[in-house]
Amino acid sequence: MKTRLYLLVAVAALLAFHRPALAHHSFAAEFDANKPVTVNGTVNKMDWVNPHSWIYVDVKGADGTVVTWRFEMGPPNALLRMGWRKDSIPPGTEVKIEGYRAKSGQPVANAKTVTLPDGRELFSGGSTPPGLGEAAAVAKP
Amino acid sequence: MTPKRGPRFKAVLAMFLSVIPAVGQAQTGNIPRGPDGKPDLSGVWQVLNSAAWDLQDHTGALDFPPGQSVVEGGTIPYLPAAAAKQRDNFEHRETDDPAEVTCYLPGVPRATYMPFPFEIIQTPNVIVFSYEFAHARRHVFTDGSPHPAGFPDFWMGDSRGRWEGDTLVVDVTNLDERTWLDRAGNFHSDALHVVARYTPIDASHVMYEATLEDPKVFSRPWKISMPLYRRIDKNVKILEYECVYYLQDKRYGNAKPVGVPQ
Amino acid sequence: MKAVLSRISAATAVLAFVVTAVPLSAQEKAAAKYVAPRTADNHPDMQGAWARRGVGLQEANAPSTPLGDFGSTGQPYPTVFNTGVFTTQDRSVLQGRPAGVIDPADRVLPWRPEADAARRAFIPKMIPPASLAYVEKAARCVLPGPLEADDRHPYQIIQRPGYFVMMYEYNHVTRVIPTDGRAHVGSNVQLFMGDPVGHREGETLVVDTTNFNDKTSLGRTVPYHSDALHTVERFTRIDPNVLDYQITIEDPKMFTRPIKIAGTFQAADPKTELMEFACAEGSQVLPNVFGFELAPGRGQASK
C-alpha cells in the first residue's frame, strides 16, 4: 500500500475554520443529532442513487417482527472512490449500522458507520453533524 | 520567443481555422481535424428529425410531428413479452415517460435525438457531450480504459471510445433501465449495450449510427441511423432547459407541505 | 505533475489553513514566479482534475439558520478523489493564504437594510419549509449558481482554442466559457449559471458572468439573490498543483458593494474520472415534504 497523503485532519481544520456554505440538503433538515441509533440486521438491498445512496436493512425486533430500516449514505461516487462496488454488500449480509435517526421517527436514519461481519468499517460518506466524528479525525492509511 | 511566422504560428493558425465552421462556403470535405489527424467533432450539433417522438414510422397528430422510421429494417424486434410492455408504455406515455414527464436524464441513445442541441468538446483523452436538455452530460473516455468493473448503472451510462479510421466508435454500458428510447414507450432493460458510431461526412454533417443489443427485450441487435447537423448559427451556445425546476414549480408551487423531509 | 505524498501532523495542518490575510511571504513571492505552460492558443494551461477549497460566503453576525451547519468532519469521504487530494511536499504556496470572504475583511456583509430584513424573515421559514419557495435550493437539486456546488466532488478543466470549460462532477454542471471575445447573450436570456465570458490578463483568466436568474442560492444565510447578480472570477495557476481563485460577487439589489471571496483549486489525482452525479433522479426531498411524487407515473422514483 503506497503512502498516502490524507488531508483528513487538514480538511477537518479547514472546515472548522470556514464551513463551506453548502452541502446539498442539510442533515439538520431531516435527521436528529440527538437521536443516535445503532441497528444490527441483514441487508435487504442497496440503492445506488444520487444524491445519496441508501441501504435497506431488515432488523428483527424482540417480538420477532421484522422492520426494514433505510439508511442514507454518501453519493455513490464517493463510495465508489473509497473502493465500494455494487457487490460489496450483497443482500443477506449481516451488518451493524450506526447513525442518526430521522426527525420523522420513521425507521430511517443517516448512516455514520457500516460495520461488516469481519469487523471492517465502511464509512458511509453521508452527512454527519459538525462536531461529531471529529474524534475520528486522524489520518488513516 | 518564436518567430511570428514560424512553424508554431502556422500550427496554431491551422488549428484555429480547423475549428471555425466555414459558414457560407462549400460544406463538402474540409472535415476539421485535430493535431493528431483525427476528425475533431467539437461544436454544437442537433438532429432534424422526429425520432424523439417515435423511432419508428409514425403519423402526425396534435403536438406529435410525423416521421419516418430511423430503425434499419423499419421496426424494433421486440421479444413477445417485451412488445406487450411497449404497448403498455405507449398507453401510459402521458404519465410515465421518464424524460418528458419527469424530466429525468434521457439516457443513451435518446439524448442524441432529443429536440435540443448538444455540444461536443473533444480532447485527446476524453470527449465530453454536454446536452441542453436537463444539462445532461456524459464523458466518452478515449484513453483506452475499460468499463470499470462492479460499477452501478448510470442514467447516461458509462462510455468508452476509440477511433476506427475517421469514425468515433463509442461503447456504452451500465445504462439505467428506467430510461426510455423515445416518447412512444420504446424501452430497454439493464442489459442494454449500445455501440454508437460517429462518422463525419463533411464539415457540418456527421452520420450517427447506434446498434442496440438487449437480450432481455429484443430478439436480436438492431440499428438506428440519422445525420447530426452542425449548428452554425453565429455565437451558438448551449443554454439551459431546466426541466426539473419548471416541473417542480408546476407540481409543488401551490402545494402545502405535509411533513418534514425524510 | 509529479506527486510526492507525505503525512502531515494535525498541528501543521491547522497552521496551514489559518484564515488570515498576511502579506506575501518570501515563499509566496517565489511561488508567484511560477508560470503555467501554454495551451495551443497561448492561454495559461489550467487543465486537469481539481478539488475546490475555501470558497464560501461566510458571514459575521449572521442570523442563526435552522438548516444547521454541515460538514462530514473526520471521514475520508470529503477529500477522496481516488487517493486523496494530490499535492506537493512543499505546501508553502498554500500557507497563509486567505480563504472565504476576504472583503469585507470583517465579514460583516454590506447588506441593503431592506434586503437584510427580508432574508432574516425568510430563513426561519425554511425548516420546515413553509412552501416550495422556502425549500433549500440544493435540496431541490437546483443548479448551484456561482458558489454553492458541493466541493466533496471533483472539478475538471479542459481547454480548447477559444474555450475554457469547467466541469463540476456535482450535478453534472458544465460551464463552457468562450474566450474569443464575444459579447454576453441578450439580457432577456436568464440562466441559473449565468452567461460567462472569459479573457486573459497576463497569467490570469478573468471570467465575467452576467444574465443570472434569481433562482439560485448563495449560501445558508443568503438563500437567494436577485437577477442583478454579476460575478467576476479570476483563475491563476500559481503552482503545478494549485490554482488561485477569486470571485467577486455583486448584487446591487441585495448589497451596497461587491463582496470578494478567495479560494483555491488543488490538484486531484490525475487519474480522476468525473462520474455521473444524477441529482434530481434520486432526490426524495420534495415528495417527502409535500406528500406526493413529482410526476404521476408508475414507479419512476425508485427501482
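Which residues of helix α5 (residues 243-252) of chain B are buried? In the predicted model, the buried positions of this helix are B:Cys243, B:Val244, B:Tyr245, B:Gln248 and B:Tyr252. An α-helix has 3.6 residues a turn, so residues three or four places apart point the same way.

The largest nonpolar core comprises 143 residues, of which A:Phe71, A:Ala109, C:Trp50 and C:Ile261 touch the most other members. When residues up to four places away in sequence are not counted, A:Phe71 touches A:Trp54, A:Ile55, A:Val57, A:Ile97, A:Gly99, A:Ala109 and A:Ala111. In soluble globular proteins, nonpolar side chains tend to be buried together.

Regarding confidence, the predictor assigns the complex an ipTM of 0.87 and a pTM of 0.84, while chain C has a mean pLDDT of 83, with 79% of its residues at 70 or more. Over residues 1-21 of chain C, however, the pLDDT is below 50, although the model gives this stretch 38 contacts beyond near neighbours in sequence. Residues 69-88 of chain C likewise stay under 50 in pLDDT, and for them the model has 82 contacts beyond four places in sequence. Where pLDDT is low, the predicted coordinates should not be read in detail.

Terms used:
Residues numbered from 1 in each chain as written. Chains lettered and ligands numbered in written order. Predicted model: local features only at pLDDT ≥ 70, side-chain atom pairs only at ≥ 80, totals over all residues. Core = buried A, V, L, I, M, F, W, Y, C linked by C-beta atoms within 7 Å. Buried ≥ 20, exposed ≤ 12 C-beta atoms within 10 Å, placed from the backbone. Contact = placed C-beta atoms within 7 Å. pLDDT = per-residue confidence, 0-100. Helix = DSSP H or I, 4+ residues; strand = E, 2+ residues; numbered from the N terminus.
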